[in-house]
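Reader: I have a structure open here and would like to talk it through with you. Could we go through the side chains and then the overall make-up?

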Amino acid sequence: MGGSVWGASWLGSYLAVGGYKDTNSHYVVGERIQEANTIQIWHVPLASAGSSTSASSTSAAGKSKRRQKMSRDHDDDDVDDADDNTNGTNKKNGSAPASPRLALLLEHQWGPCFNLEWWPGSASSVHDNTSPLLGILGGCFGDGAFRLLAVPRPTPDIDEPVVLQVQSVLMKAYRPDTTYFCFTFGGDRRVALGCANGFITIYDIPWALANPVDPEPMAHFPAHDAFVRDVSFESGAEVPNVLSTSGADGRLNVWDLRDLFVPIPLFRARAFLMSCEWSKCADSVYFADSDHALRVYRMPDIRGSAVLLMHRSTIWSQCTSAHHPFLVTASADGLVKAVNAHRVRHRVVKPASLLALSVSVIDPQGTFQYRDNLGYEEFDGSLLKKEAGYVLKSDQRVALQTASWNPERRHAGWIAVGGANGIVSILNLEQ
């Protein structure tokens, strides 16, 4: 990527990546930033379900592996330009995995990208090779606006990336009194935007696309006393009406768009609640608390939450899949963990999570070591006790800030993880 990664979203075998312009920049929530930046669209040859092909490019001793790292200076000379049906191997020799290829580079003047996600309706266009449209991409940017932009289909026969300057968008949502910081799609019809002043804005997407210049929202209401950190619609409904939100005021709330005067407060802490998500395959709400624990409320029982796993630093991102019960977390401690979110705690069987990826700095020169598939670890309840000597500080260079499952069934085991060092790692957790 080249800059700190805050957005990574799959569309078939294409991965959209966005973030900061470099790895040293920092921004204040609510301030408007206008500067040159890019959105990268990568083509990633994926192994089909059941394949034993690994996403690693080279190996080191033991379990240490150098993952495929997507950066601007990545060598793409041996890329196999196959379509979505590729099995992840180079067809020329039948063994070496093909490397990701930077297909599109979208240049803009909107500043840093805080969130990035493909519109769910794009799933139909990505497989239509006759369509010039790859998909519709949504994002929240540093100038305070949310945008929907049409991404053209990359030309498969060109090794060099196509550089495009974005001149127009399908939709732009902007408010002079605040900035948009996060968002989530509610199926094909709705999008919820979290604001820096604690408000939530809801748009009807068909209406907004028909009125792209300053569209009128269907709802704009105060949800938190500080900036909204994450939002997530309920799963399973064609037009969802229930929304979960977490904010810098330490609250986790559930809202029904049909009655916004009576929110359901689920959780309260004296710290930021960084992430929340409504499960894509169950009626459950997952969130990261102030003790760096991932918790779950299993509806309709909201009397208490259960702990699924622990990290030693801030959990920046979590992601579920519609095709299996496994949830992944990306944390500032440089770890990616996966857990079966449907597994219920039992006094005999202790909850366990898979340590899927570990990032560390191994020398003073700042060399990063990536290790994957480090086995399972049992949940350690003592980490929740104050007398355990809890470690809160970690090297900010290894922070992992976004994780994304591939939404297609045949590629449902693949995840993309982006971090503060500008590297995006691709892993297949089916193996």
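Reader: Which residue lies over the face of Y174?
Author: In this predicted model, it is K172 that lies over the face of Y174, at 5.5 Å from the ring centre.

Reader: And how many aromatic pairs are there by the rule used here?
Author: The count comes to 13 aromatic pairs. One of them is formed by Y20 and Y27, which sit edge-to-face with 4.8 Å centre to centre and 80° between the planes, and both Y20 and Y27 are buried.

Reader: What about F287 and Y297, is that pair stacked or edge-to-face?
Author: That pair is stacked, because the planes stand at 15°, under the 30 degrees that the term requires, and the ring centres are 5.7 Å apart. F287 belongs to strand β21 (residues 284-288) and Y297 to strand β22 (residues 293-298), so the pair ties together parts that are 10 residues apart in sequence.

Reader: Are those two buried or exposed?
Author: F287 is buried, with a relative accessible area of 1%, and Y297 also counts as buried, at 4% relative accessibility.

Reader: Switching topic, where is S13, and what does its side chain join?
Author: S13 is found in the loop between β1 (5-11) and β2 (14-19), and a polar contact of 3.4 Å joins its side chain to that of H43. With a relative accessible area of 1%, S13 is buried.

Reader: Last one, how many helices and strands does the protein have?
Author: Its secondary structure comes to 1 helix and 32 strands, and 56% of the 431 residues count as buried.

Methods. Residues are numbered from 1 along each chain as its sequence is written. This is a predicted model: local features need pLDDT of at least 70, side-chain atom pairs count only at pLDDT 80 or more; totals for chains, interfaces and linings use all residues. Side-chain values use heavy atoms; hydrogens and water are left out. Helices (H or I, at least four residues) and strands (E, at least two) are DSSP runs, numbered from the N terminus. Buried means under 20% relative accessible area, exposed over 50%, partly exposed in between (1.4 Å probe, protein chains only). A polar contact is a pair of N or O atoms within 3.5 Å; within protein, one must be able to donate a hydrogen and the other to accept it, and residues adjacent in sequence count only if both atoms are side-chain atoms. Rings of Phe, Tyr and Trp (its six-membered ring) pair if their centres lie within 6.5 Å; planes under 30 degrees apart count as stacked, over 60 as edge-to-face and the rest as tilted. A charge sits over a ring if NZ of Lys or CZ of Arg is within 6 Å of the ring centre and within 35 degrees of the ring normal.
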